Amino acid sequence: MQKEKPVYTDFAVTARKYKTLLTKKYINRKQWSNPSPYEVQSIIPGTVLKIFVKEGDIVQEGEAILILEAMKMQNRIQMPFTARIKKINVAEGSRIPKDSLMIELEAVETEQ
Amino acid sequence: MTLKKNILALRQKKAIVEKGGGDKAIEKQVAMGKMTARDRILALLDAGSFHEYDLFVEHEERNFGMDGKELAGDGVITGTGTIKGAPICIYAQDFTVMGGSLGLKHARKITKIMDHALRMKVPCIGINDSGGARIQEGIGALAGYGEIFLRNTMASGVIPQISVILGPCAGGAVYSPALTDFVFVVENISKMFITGPNVIETVLGEKISQEDLGGARVHAEITGNAHFYAQSELECFEQIKQLISLIPHSNQQKAVSEEPKKPKSGKNIENIIPSDPKQPYDVRDIIYALTDDSKFLEVHELWATNIVIGFGRLNGETVGFVANQPLYLAGVLDCDASDKAGRFIRYCDAFNIPIITLEDMPGYLPGVDQEHAGVIRHGAKMLYAYSEATVPKITVILRKAYGGGYIAMNSRHLGADFMLAWPSAEIAVMGPEGAANIIFRKEIMEAEDEDAMRQQKVQEYIEKFANPYVAASKGYIDAVIEPMETRDMILHALEVSKNKDDYRPAKKHGVPPF
């Protein structure tokens, strides 16, 4: 019942490539990338309620960076380790999806 | 004379309630491209077979302006009837009555007909077309949903439960269909989601249409929540009739037999599969070459297309097919395919339908997304389902049977009753290229011409191991058969499995990897 001759793709399963069709879901799958510790991403979609830091600040591990309100819960996002705030990609009031890059960090030289 | 008057009064009373939400609401329903709840029931059931109950049930809500508000049948039509002669229970939500919203009495009408279906051991069909919970009734509506879910669960595996989504079905309402065996959707009409586009936009600022979020196509193709997809309501009803005629009407019955028929003389079964194991073909052509009249009712036709499941008849009796589909993703097993096949196997087992497994797959789909999506847990569903099933289980290895997938596809080791293999079968721990690279790594690396040596070793491996005879020599394969013999061998296997009695340890229930 196929209207035209389908175009098969080379599809590798272990060491062999098979001729086959791909599904939409497979084509649209999310590519994995190694998460950088210097990127603070949203773990849940929500609204940025308050930002406590400015670009250039050196913030200690465990201090609050911002409040992300999601599902009626105010989540306090903390500094994962002591670092400098390199770039803030959100503003108070912005609604963001999951996995969006909120804040970029930069290493600080530890003083001897 | 009074009786005559009473009869006339009854007719009048019925005529009013049968109008549902009235002419204006019906006009709106039709303008949306939808049939009315009553017309749907009449179109689905055998002519003249529908008998309605609880026509005069009324809601009891007194708050929020509901006092004295008349809702015909409280927004749902319930009753019994027949489909191709088979008795069934049915309910249809009436969108013309307050948006088909579910209040306590509406729910109680549904649970009453469900209880009836379970006692009488007949299939239960629910037509969903409802805006959701009737907010005015508050907790009463939630109680109603809960009482339906409980019955869905009690009836699961005892009677077939079919959900037909012919309108919105949102929030808590979606969980009744999700608990039933088969969900039918229709293009442009069905909409299912837990939280609708409005909530998503308010909370997240993401704009999406109802259709893109939870339309028929989405559930048939992406989520797998729907088992059957149709372009129109009438096509959908034809699919339901076909399904009802194929499946047993309770777990204590067998499906109604039909006159045995030979497959149509279509493609020669020997010419369907390319001899090059890297080339694809449509495994449904093999199924058509095996089934009576070459008929096959595919379930989940659009979702996880790398595995094919569905019902057909062999010598007039219903069987379930599970077949790898090399046409898509080379027929690999992945999360969705395992999920799809696992549930189907459990359905067949619950309803005494023998399972025919057709195998041609290169293994599990490699990839971070698969691993992180839990392919271990999902893949295990299939192992569990096959191992647990006590119905006759017959496997035919057509071509590739590699690695973990070989075990998963109803192998002897999981309890297959009959293991048949075509001479083209390659049963091995992995594909020849991969295996040769590992086993002969040293020889290949030390060779002057690595590629030539690799080719030679791959060839050696193919000749020695990529065939059915190693497995046959160990008794893991019962018979190596010619493709032309396949149907007769399966028919015979079914014949001698008729009184199959399989032992399972006593337990309350297992703990499958849901």
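The model is predicted, and in it the phi angle of Asp54(B) is near 60°, a positive value in a residue other than glycine. Most residues other than glycine have a negative phi. Asp54(B) has 18 C-beta neighbours inside 10 Å and therefore counts as partly exposed. Ala330(B) likewise has a phi near 60°, again positive in a residue other than glycine. This alanine belongs to the loop between β12 (317-324) and α12 of chain B. Because 31 C-beta neighbours lie inside 10 Å of Ala330(B), where 20 or more are required, the residue counts as buried.

Chain B is divided into domain 1 (2-246), domain 2 (269-428 + 467-496) and domain 3 (432-465). A distance of 30 Å separates the C-alpha centres of domain 2 and domain 3 of chain B. Ile7(B) is located in helix α1 (residues 2-18) of chain B. With 10 C-beta neighbours inside 10 Å, Ile7(B) falls under the limit of 12 or fewer and so counts as exposed. Between Ile7(B) and Ile200(B) there are 193 residues of sequence separation, and their C-alpha atoms are 52 Å apart.

In soluble globular proteins, nonpolar side chains tend to be buried together. The largest nonpolar core of the model holds 140 residues, of which Val164(B), Phe184(B), Val185(B), Ile240(B), Phe321(B), Val322(B) and Ile345(B) touch the most other members. Helix α12 (residues 335-350) of chain B makes the greatest contribution to this core, with seven residues. When residues up to four places away in sequence are left aside, the contacts of Phe184(B) include Ile162(B), Val164(B), Ala226(B), Phe228(B), Cys236(B) and Ile240(B).

Chain A contains one helix and ten strands, arranged from the N terminus in the order β-β-α-β-β-β-β-β-β-β-β. The radius of gyration of chain A is 21 Å, whereas a compact globule of 112 residues would have a value near 13 Å. Along the principal axes, the C-alpha trace of chain A spans about 65 × 40 × 20 Å. Of the 112 residues in chain A, 21% are buried. Among contacts in chain A with a separation of 6 or more, 48% join residues 24 or more positions apart.

The mean pLDDT of chain A is 88, and 94% of the residues score at least 70. Within chain A, strand β8 (residues 83-88) has the highest confidence, at a mean of 95, and strand β9 (residues 95-96) the lowest, at 88.

The contact between the chains involves 22 residues from chain A and 25 residues from chain B. On the side of chain A that touches chain B, at least two residues each are supplied by β1 (9-13), β2 (16-20) and α1 (24-27) of chain A. Strand β2(A) gives the most to this side, with five residues. By class, the side of chain A that touches chain B comprises eleven nonpolar, three polar and eight charged residues.

Key: Residues are numbered from 1 along each chain as its sequence is written. Chains are lettered from A and ligands numbered from 1 in the order in which they are written. This is a predicted model: local features need pLDDT of at least 70, side-chain atom pairs count only at pLDDT 80 or more; totals for chains, interfaces and linings use all residues. Helices (H or I, at least four residues) and strands (E, at least two) are DSSP runs, numbered from the N terminus. pLDDT is the predictor's confidence in each residue, from 0 to 100. Domain bounds come from an automatic or database domain assignment. Two residues are in contact if their C-beta atoms, placed from the backbone, lie within 7 Å. Ala, Val, Leu, Ile, Met, Phe, Trp, Tyr, Cys and Pro count as nonpolar, Asp, Glu, Lys and Arg as charged, and the others, Gly among them, as polar. The radius of gyration is taken over C-alpha atoms; the globule rule is 2.2 Å times the number of residues to the power 0.38. A nonpolar core is a set of buried Ala, Val, Leu, Ile, Met, Phe, Trp, Tyr and Cys residues joined through C-beta atoms within 7 Å.
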